[in-house]
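Keep the viewer open as you go.

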Amino acid sequence: MSNIDLSKLVTAEAKAAAEAAAIQASVTAAIDAHVEATARSRNYNSAAALAGYVASTVEPWAAEAQAFVAWRDGVWQAAFAMLAEAQAGERAAPSPAEAVAEIPDITWPE
């Protein structure tokens, strides 16, 4: 007779939780990379650096920063809603590429 080590038993709930955590981690990493790439596309060192210009006295920089911060907020709201819907079973969990494709595009000031 063998002894079963119950500490190594993986329940369906634990497996589902681990899968959900992995999906969330991969989706948030992809969206974060997209946010960072968007900032770098305007020659800023990072998203944080671009956001730091929100109160700049140089109007074009402040306008870009304000547009970026508003867009970034919308991106994360959309991402968290997407993940919550998947967690609730209201939609299939998005792949990282699908998640990035679903977030809104930025509109830069002229």
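Predicted model: local features only at pLDDT ≥ 70, side-chain atom pairs only at ≥ 80, totals over all residues.

**The largest pocket**

Which helix gives the largest share of the lining of the largest pocket? That's α1, with 6 residues. Both α1 (12-40) and α3 (59-87) supply at least two residues each to the lining. If you want to click through the residues around the pocket, they are Ala16, Glu19, Ala20, Ala21, Ile23, Gln24, Leu83, Ala86, Gln87 and Ala93. Sorted by class, that lining has 7 nonpolar, 2 polar and 1 charged residues. The space inside comes to about 170 Å³. As for how such space gets found, rolling a probe the size of a water molecule over the atoms shows where empty space is left.

In soluble globular proteins, nonpolar side chains tend to be buried together. In this model, the largest nonpolar core has 17 residues, and the ones with the most contacts inside it are Ile31, Val35, Leu50, Phe68 and Val75. Two or more residues of this core come from each of α1, α2 (47-51) and α3. The biggest giver is α3, with 7 residues.

Val35 is a handy place to start looking. Leaving out residues up to four places away in sequence, Val35 touches Ala47, Phe68, Trp71, Arg72, Val75 and Trp76.

Thr38 also sits in helix α1. Is Thr38 buried or exposed? Thr38 counts as buried because its relative accessibility is 9%, and the cut-off for buried is under 20%. Not counting residues up to four places away in sequence, Thr38 touches Phe68, Trp71, Ile106 and Trp108. Phe68 and Trp71 are on the contact list of Val35 too.

Ala39 is another residue of helix α1. At 0% relative accessibility, Ala39 counts as buried. With residues up to four places away in sequence set aside, Ala39 touches Tyr44, Ser46, Ala47, Leu50 and Phe68.

Over in helix α3 you'll find Ala79, which is also buried, at 0% relative accessibility.

**The loop between α1 and α2**

Ser46 is in the loop between α1 and α2. Its side chain reaches the backbone nitrogen of Ala49 at 3.0 Å. Beyond its neighbours within four places in sequence, Ser46 is in contact with Glu36 and Ala39.

Asn43 belongs to that loop between α1 and α2 as well. Asn43 has a positive phi of about 70° although it is not a glycine. Asn43 is exposed because its relative accessible area is 74%, and exposed means over 50%.

Ala92 lies in the loop between α3 and α4 (96-102). Ala92 is exposed, with a relative accessible area of 59%. Ala14, in helix α1, counts as partly exposed, at 38% relative accessibility.

**Some distances**

| Pair | Apart in sequence | Apart in space |
|---|---|---|
| Ala79 and Lys8 | 71 residues | 33 Å |
| Ala14 and Ser26 | 12 residues | 18 Å |
| Ala39 and Ala49 | 10 residues | 8.3 Å |

Note on methods: Residues numbered from 1 in each chain as written. Heavy atoms only, no water. 1 Å grid on protein atoms, 1.4 Å probe; cavity = no way out; pocket = protein on both sides within 12 Å on 5 of 7 lines; lining within 4 Å. Points joined across faces, edges and corners; volume = space filled by probe spheres on them. Helix = DSSP H or I, 4+ residues; strand = E, 2+ residues; numbered from the N terminus. Nonpolar A, V, L, I, M, F, W, Y, C, P; charged D, E, K, R; others polar. Core = buried A, V, L, I, M, F, W, Y, C linked by side-chain atoms within 4.5 Å. Buried < 20%, exposed > 50% of the residue type's maximum accessible area, 1.4 Å probe, protein only. Contact = heavy atoms within 4.5 Å. Polar contact = N/O pair within 3.5 Å; in protein donor to acceptor, adjacent residues only side chain to side chain.
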